[in-house]
Amino acid sequence: MSVITTTERGQIALIQIDNPPVNATSIDVRRGLQEAFRAAMSNDAIRAVVLACKGNTFVAGADIKEFGKPPQDPHLSEVINEIELSSKPVVAAIHGTALGGGMELALGCHYRVADSKARLGLPETTLGVIPGAGGIARLMRLAPPELAVDMFATGKLITSSEAVSAGVVDEMVSGEVVEAAIALAARLLLDNLAIRRCRELPVRTSEPSLFSEMRERLKRSHRSQVAPQAVVDLAQATQGEDFDTSIAAARVRFRELVISEQAKGMRNAFFAERVATQPSELPRVDHGVRDAGVVGAGTMGTGIAMCFLNAGIHVDLVEQDEKVLFASVETIRKNYRREVEKGRLTEPTMNARMELLQPTLTYDSLSSCDLVIEAVFEDMQVKKDVLARIESVVRPDAIVATNTSYLNIDEIAMACQAPERIVGMHFFSPAHIMRLLENVRARHSSPQVLGRIQSLGKKLGKVPVMVGVSDGFVGNRMLSKRARECYFMLEEGAMPEQVDRVLYEFGFPMGQFQMNDLAGLDVAWRNRQSRIDRITKRELECNILDELIESKRFGQKSGAGFYRYDEQRNRTTDPEVTQLILRNRDRRGLVRREIDDQEILERCLFAMINEGARILEEGVASRPEEIDTIWINGYGFPKYRGGPMFYADHIGLRIVVERIRHYGSQVGSVFWTPAPLLERLADVDGGFYSR
Ligand code: 3HC
Ligand code: NAI
């Protein structure tokens with residue numbers, strides 16, 4: 001079946017793209033479009049063209065699957081140029097999302113009509129590339145430069161009404177967009193209106209500081225990323241060059257960037273997220289959650305309740321302590337109030353959300369819930385008791401979930417009446433902000449229930465990844481190995497600032513010790529205590545954390561942890577911590593040595609990767625995509641490096657194994673023995689992604 005169809009509507013040719021799922025401009029589309037436009041131009045009966053798409057969306061971009069492969073003619077840029085230069089008026093009819101090459105295609109048309117729910121944007125930099133088909137040169141002529149540069153650089157999308165205000169869209173309709181576009185084309189003919197080509201407009205002038213300010217902003221928001229800076233350079237250059245020069249320059253830069261390591265990493269992150277959040281083995285079902293129960297209104301329960309409220313789902317929030325319950329409701333209200341003050345939320349929406357919240361001190365109201373999630377204290381017996389109480393009131397078809405961080409959900413489920421409906425939903429703190437959600441399948445969870453919580457995760461705006469039961473599931477389990485090495489390195493000669501700097505320079509938003517300070521050293525310490533009878537002798541003796549807690553250093557919240565913090569939580573190195581670490585080493589007779597940055601990085605990353613291999617082998621994660629999605633979305637692994645397992649493939653698994661063996665001889669094989677899967681893959685020069 002052809003991906004392009006042309007239908008004659010009187011003197012107007014309706015050219016439609018039908019390339020599911022998102023009408024990407026694959027080679028067939030580009031060729032088909034070129035042919036269809038040439039045919040329309042040479043057909044004397046046709047006086048105007050409407051370009052539209054079938055399915056859910058206008059073109060959502062170039063076909064990312066073609067990236068990095070040898071280019072095939074015609075290039076999208078050429079097709080768009082031809083459309084723009086055509087002598088008959090062309091109107092784009094936009095619905096869904098016009099993204100990347102899709103928006104560029106729409107900009108090449110002479111007029112644009114958009115559905116009121118449509119969104120437009122140039123998100124290429126989120127894939128490590130830049131708009132390569134004329135988007136920069138055209139938008140710099142059409143839209144206010146501040147908006148255009150923001151859109152290129154950050155990938156920000158705009159709504160139809162914003163596009164109308166910016167002069168990017170000519171007409172917004174709430175009904176049939178194709179019919180509206182045909183009507184506009186007919187009016188153009190009737191009134192003999194001129195063809196408007198972006199290329200014929202002058203570049204809009206901007207404040208000279210626009211570009212330098214954006215570069216500075218991007219240094220912070222998109223640290224180390226090449227594409228956002230490149231796009232600002234290209235946008236600035238449009239100011240002094242002609243249209244064709246700008247178009248050619250963008251094409252050259254696109255070609256360079258599309259094969260860069262950063263673009264490969266970003267593409268992996270994009271596809272991995274789609275694979276990880278839609279596991280093929282689970283049924284695609286509706287979540288069916290209209291009424292949710294949250295038990296425990298502490299830190300996590302409060303945030304989880306907000307997730308449901310934000311998604312328009314009614315919440316019964318159950319707490320045992322009246323004061324805590326009151327404080328939780330106030331926190332939720334305060335958070336929304338702040339959003340209203342920042343203009344991100346309207347007052348009526350805030351009120352509507354608050355009305356969906358039903359705080360209570362009893363479990364009775366849970367009888368109407370489709371799903372109940374507990375977020376009470378991290379204690380096996382408390383969890384079992386709470387789940388028994390929940391089960392005694394909920395309907396037989398209700399899902400019962402636990403937000404436990406580390407407890408064995410199989411054990412929790414075995415104590416329940418109906419283990420098939422027991423699952424984990426591991427939210428990350430702050431739950432209403434963090435996008436990652438580890439959904440946990442317990443041994444007896446039914447596929448239907450698992451399918452429902454995956455779908456619920458998406459409804460909540462999360463990145464839900466299904467994982468198996470394991471100590472710390474996937475994310476925290478790998479993190480604990482990295483943390484172990486970081487603490488060992490403090491004993492061996494590194495200081496917190498050095499370790500954190502290395503991780504930061506690699507691209508993490510913060511290092512291990514900064515993260516510990518943020519989350520609270522008491523939390524890390526309690527976690528250590530809960531497993532103290534299971535850890536190795538060396539880990540037991542590595543007691544710097546215990547000493548920090550003894551000196552009442554709980555992290556940011558107490559003004560001191562690994563670092564010292566002022567009222568604004570600005571961080572400075574604390575000589576007291578340096579002394580504490582040095583004294584700890586002396587007392588224990590440890591010999592200090594210089595640890596170079598490469599060793600720090602390798603020990604952090606390879607400890608994680610090795611554990612990731614075990615996680616895959618045990619089936620706790622089914623695919624490397626799941627691990628990478630978890631680390632990118634929950635722990636700030638730099639997206640442009642594609643995730644830890646992708647990064648390992650990039651380094652080469654033979655090298656990873658060799659370095660793990662090296663650290664085995666240095667630190668001890670208890671901690672450093674290559675995972676069997678890693679060894680097997682390395683032996684055949686394989687990778688996690690090419691298993
Ligand atoms: N190329 C190829 N496949 C794409 C694609 C693209 N541009 N965009 C989406 N897909 C695929 C997805 O991989 C997924 O496939 P699957 O079902 O096999 O997993 C399917 O389309 C549906 O995608 P989503 O699951 O993401 O569906 P949503 O409805 O949640 O989101 C979307 C739709 C908003 C379009 C989202 O997919 C998206 O943001 N896509 C990327 C858009 C983009 O970045 N475009 C710019 C591309 S670069 C470019 O155009 C260069 C140009 O300047 C030359
Ligand atoms: P918290 O101590 O802030 O909140 C727990 C709340 O549960 C308290 O308000 C307590 O009064 C309430 N509670 C206890 N027993 C109850 C009962 N029988 N009925 C009703 N309410 C009861 O704890 P936090 O940090 O919110 O953690 C909750 C759970 O979430 C734990 O399992 C924890 O491991 C997990 N978790 C915590 C994360 C974090 O960063 N804090 C991250 C992810 C998961």
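**Reading a predicted fold, feature by feature**

Tutor: Start at Gly619. This glycine comes after helix 25 and has a positive phi, near 80°. Helices here are DSSP runs of H or I with at least four residues, strands are E runs of at least two, and both are numbered from the N terminus.

Student: What should I know about the model before reading on?

Tutor: This is a predicted model: local features need pLDDT of at least 70, side-chain atom pairs count only at pLDDT 80 or more, and totals for chains, interfaces and linings use all residues. Residues are numbered from 1 along each chain as its sequence is written, chains are lettered from A and ligands numbered from 1 in the order written, and side-chain values use heavy atoms, without hydrogens or water.

Student: How many helices and strands does the protein have?

Tutor: It has 29 helices and 19 strands. Its radius of gyration is 28 Å, close to the 26 Å that the globule rule gives for 691 residues, so the protein is as compact as a globular protein of that length. The radius is taken over C-alpha atoms, and the rule is 2.2 Å times the number of residues to the power 0.38. The C-alpha atoms fill a box of roughly 90 × 60 × 50 Å along the principal axes.

Student: What percentage of the residues count as buried?

Tutor: Of the 691 residues, 57% do. Buried means under 20% relative accessible area, exposed over 50%, and partly exposed in between (1.4 Å probe, protein chains only).

Student: How far does helix 25 reach?

Tutor: Helix 25 (residues 597–617) has 21 residues and spans 30 Å from first C-alpha to last, close to the 30 Å expected at 1.5 Å a residue. The expected span is 1.5 Å times one less than the number of residues.

Student: Which residues does Cys307 touch?

Tutor: Leave out residues up to four places away in sequence, and Cys307 touches Phe427, Ala431, His432, Leu460 and Lys462. Contact means heavy atoms within 4.5 Å. Cys307 sits in helix 12 (residues 299–310) and is buried, at 2% relative accessible area. Leu460 is 153 residues away along the chain, yet the two C-alpha atoms are 6.0 Å apart.

Student: Is Asp410 buried or exposed?

Tutor: Buried, with a relative accessible area of 14%. Asp410 belongs to helix 16 (residues 409–414). With residues up to four places away again left out, Asp410 touches Ala442, Arg443 and Val469.

Student: How do I read backbone angles?

Tutor: Most residues other than glycine have a negative phi, and most peptide bonds are trans. Now look at Phe473, with a positive phi near 55°. Phe473 is in the loop between strand 17 (463–468) and helix 18 (475–492), and is buried at 0% relative accessible area. Lys552 also has a positive phi, about 60°. Lys552 lies in the loop between helix 23 (544–550) and strand 18 (563–565). Lys552 is exposed, at 59%.

Student: Where does Pro21 lie?

Tutor: Pro21 is in the loop between strand 2 (12–17) and helix 1 (27–42). The bond from Pro20 to Pro21 is cis, with omega near 5°. The bond from Asp73 to Pro74 is cis too, with omega near -5°. Pro74 lies in the loop between strand 3 (48–53) and helix 2 (76–85).
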